[in-house]
Amino acid sequence: MAAADLFLDTLTYNGHTTVSDALWTGLPVITCPGREWLSRVAASLLTVAGLKDLVAKDLSEYQQLAINLAQDQERLQRMRHSVQEGRASSPLFDSDGWASHFSDGLDMIWEHHARGAPLPNTLLVGAPPSPSAAPAPALGLPEADNPVPRTTPRDGVQPSLDS
């Protein structure tokens, strides 16, 4: 990928891990999301990486963006630099943060199990609560040790650890 100037993402089925790899190397990626989730992965990755301007609204914009970047080497270099700089600040490549959030999630699951409480459908770890999210039950941790908001199960469905 180091020899490439621009990554043109595939339509219908995006380059999931390949797009992450391209961004890691500093290679700009252009995508055009479709209707199915598998055709929107690259758009999600680019958005999290702070590169939403590389997500085309339609095929015409996708084509025009690719042509414009290919013909303007200075702009392409600025974009490449932006991709490389974003790697340091993007949550997409924050491995330590991800590991910490994953560990927090495992702790939350264990706490539910240890209390005999059913596990909710969703546990938010490391993200701010959405305005519509209902507060979750307290997990018995001191506030300083429990700064991450939790959500309650959606639609009142309480999954069982046995099912």
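Predicted model: local features only at pLDDT ≥ 70, side-chain atom pairs only at ≥ 80, totals over all residues.
Ground rules. Numbering starts from 1 along each chain as its sequence is written, and side-chain values use heavy atoms, with hydrogens and water left out. Local features need pLDDT of at least 70 and side-chain atom pairs pLDDT 80 or more, while totals for chains, interfaces and linings use all residues.

Cavity to start. A cavity is a set of points, on a 1 Å grid over the protein atoms alone, where a 1.4 Å probe fits but cannot get out; lining residues have an atom within 4 Å of a point. The whole structure holds one of 30 Å³ or more. The volume of the largest cavity is about 50 Å³, meaning space filled by probe spheres set on points joined across faces, edges and corners. Its lining includes L23, A49, S82, R87 and F93. Helix α4 gives the largest share, four residues; helices are DSSP runs (H or I, at least four residues), numbered from the N terminus.

Now the pocket, an open set with protein on both sides within 12 Å along at least five of seven lines. Ten residues line it, and P91, G97, W98, H101 and V125 are closest to its centre.

Last, the helix pair. α3 spans residues 59–71 and α4 residues 73–89. Their axes, lines fitted to C-alpha atoms over the stretch in contact, come within 5 Å and cross at roughly 105°. Angles run from 0 to 180 degrees between N-to-C directions. So the two are roughly perpendicular, a class covering 65 to 115 degrees. In contact (heavy atoms within 4.5 Å), L65, N68, L69, A70 and Q71 of α3 meet Q73, R75 and L76 of α4.

Methods:
Parallel < 35°, antiparallel > 145°, perpendicular 65-115°, else oblique.
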